[in-house]
Amino acid sequence: MIIDAHGHYTTAPKAFEAWRLRQIEGVKIPALMPRVSELQISDDEIRETLEANQLKQMRERGHDLTLFSPRAIFMAHHIGDFQVSSTWAALCNDLIHRVTTLYPRNFAQAMMLPQSPGVDPATCIAEIERCVRDFDIVGVNLNPDPSGGHWTSPPLSDRHWYPLYEKLVEHDLPAMIHVSQSCNACFHTVGAHYLNGDTTAFMQCLESDLFHDFPTLRFVIPHGGGAVPYHWGRFRGLAQAMNKPLLEEHLLKNIFFDTCVYHQPGINLLTEVIPLDNILFASEMVGAVRGIDPRTGHHYDDTRRYIAATDLDERSRQQIFEGNARRVYPRLDRLLRSQGR
């Protein structure tokens with residue numbers, strides 16, 4: 001089985017984006033704020049957007065299932081206040097639930113949190129409880145920078161985040177650490193801010209003893225971990241200078257990386273540097289990089305090809321394709337078993 005651990009509904013029906021744009025206008029002019037009941041999307045519209053895009057490519061590439069969440073750039077937690085974010089998060093999570101209901105063997109749900117700059121993360125707990133109660137969620141997306149590129153929140157290791165972590169541990173929910181839209185002109189959203197977020201999250205954990213307090217908390221750092229594998233010696237040296245344990249003991253029981261790295265040398269380096277137990281297959285299609293690589297003639301985000309071309313044996317490849325995802329996401333494993341898979 002091939003499980004893609006990183007997918008977003010980037011092709012959601014146009015009516016969904018139109019409602020969001022009206023909500024953003026409503027932040028400026030309250031009289032223009034749309035009602036939730038005004039958002040109308042049919043099942044056929046959802047099917048049409050997926051059949052021509054994600055499902056089409058999954059079938060062409062041989063992917064069996066995708067962990068699916070709301071579009072990362074659309075989380076945009078910096079817009080409006082907590083009420084705006086809460087309303088938008090609930091609509092996004094409801095839409096992903098409809099996707100997984102229509103295609104239960106193709107998609108599993110990861111949820112968006114209703115974060116807002118300067119707001120206690122404990123305010124996210126009600127939406128987590130709703131999604132656990134009403135949906136088969138298997139994970140959450142956690143934005144370490146709700147300010148959108150200005151980094152006004154405390155580090156992930158700060159007790160500011162602890163109420164949220166307690167709830168994630170209670171429900172056995174891993175968190176993919178995924179920033180959203182950058183509103184800082186210095187940081188291109190997908191070319192800089194995403195990778196900055198990945199690298200920053202890892203370093204924040206390295207500096208702390210977070211996983212001493214939460215030994216079963218699990219973070220998935222996407223996009224191959226940003227700069228982390230490429231600078232593994234730097235991070236090992238920093239940990240040593242801080243008198244931290246070896247990284248394998250200090251972080252790698254709790255932190256995992258995906259394969260959203262869009263060239264063969266990058267995947268080769270990832271699999272050579274990072275222990276195989278800590279690598280989850282992912283592509284993030286249809287996502288940040290949608291073009292075709294002129295050197296290969298294949299889509300940049302066709303990451304299955306890169307794993308297949310490594311020197312790994314078949315057992316190791318299958319560990320990356322399936323085994324690690326089922327271990328890191330135990331609720332996903334239970335969901336698949338309930339389907340006889």
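Predicted model: local features only at pLDDT ≥ 70, side-chain atom pairs only at ≥ 80, totals over all residues.
A search of the whole structure finds one cavity of 30 Å³ or more, and the largest pocket has a volume of about 420 Å³. The count of aromatic pairs comes to 14.

**Cavity**

- The largest cavity has a volume of about 70 Å³.
- Its lining consists of A5, H6, G7, H8, L67, S69, A110, G139, V140, N141, M176 and Y329.
- Strands β1 (3-8), β2 (65-69) and β4 (137-142) each supply at least two residues of this lining.
- Strand β1 gives the most, with four residues.
- By class, the lining of the largest cavity has six nonpolar and six polar residues, and no charged ones.

**Largest pocket**

- The volume of the largest pocket is about 420 Å³, and of the 21 residues that line it, L195, H223, C260, V261 and Y262 are the closest to its centre.
- Helices α8 (189-207) and α12 each supply at least two residues of the lining of the largest pocket.
- That lining divides into 14 nonpolar, six polar and one charged.

**Second largest pocket**

- The second largest pocket holds about 310 Å³ of space, and of its 18 lining residues the closest to the centre are T10, T11, A12, P13 and K14.
- Helices α1 (14-28), α2 (43-51) and α5 (82-102) each supply at least two residues of the lining of the second largest pocket.
- The largest share, four residues, comes from α5.
- The lining of the second largest pocket divides into 10 nonpolar, three polar and five charged residues.

**Helix α12**

- Helix α12 spans residues 264-273, and its buried residues are G266, I267, L270 and T271.
- These residues lie on the same side of α12 because they cover an arc of only 125° around the axis.
- An α-helix has 3.6 residues a turn, so residues three or four places apart point the same way.
- The exposed residues P265 and E272 are on the face of α12 turned away from its buried side.
- The cover over the buried residues of α12 includes β7 (255-258), β8 (279-280), α13 (303-308) and α14 (314-328).

**Aromatic pairs**

- Among the 14 aromatic pairs is that of F68 and F107, which is tilted, with 4.5 Å centre to centre and 35° between the planes.
- This pair links distant parts of the chain, with F68 in strand β2 and F107 in strand β3 (residues 107-112), 39 residues apart.
- F68 and F107 are both buried.
- Y165 and F214 form an edge-to-face pair, with 5.6 Å centre to centre and 80° between the planes.
- Y165 and F214 are both buried.

**Surroundings of F214**

- F214 belongs to one aromatic cluster with Y162, Y165, F211 and F219.
- F214 counts as buried because its relative accessibility is 8%, under the 20% limit.
- Leaving aside neighbours within four places in sequence, F214 is in contact with Y162, Y165, E166, V169 and N254.
- The C-alpha atoms of F214 and V169 are separated by 7.8 Å, with the two residues 45 residues apart along the chain.

How values were computed
Residues numbered from 1 in each chain as written. Heavy atoms only, no water. 1 Å grid on protein atoms, 1.4 Å probe; cavity = no way out; pocket = protein on both sides within 12 Å on 5 of 7 lines; lining within 4 Å. Points joined across faces, edges and corners; volume = space filled by probe spheres on them. Nonpolar A, V, L, I, M, F, W, Y, C, P; charged D, E, K, R; others polar. Buried < 20%, exposed > 50% of the residue type's maximum accessible area, 1.4 Å probe, protein only. Arc of directions from axis to C-beta. Contact = heavy atoms within 4.5 Å. Phe/Tyr/Trp six-rings, centres within 6.5 Å; stacked < 30°, edge-to-face > 60°.
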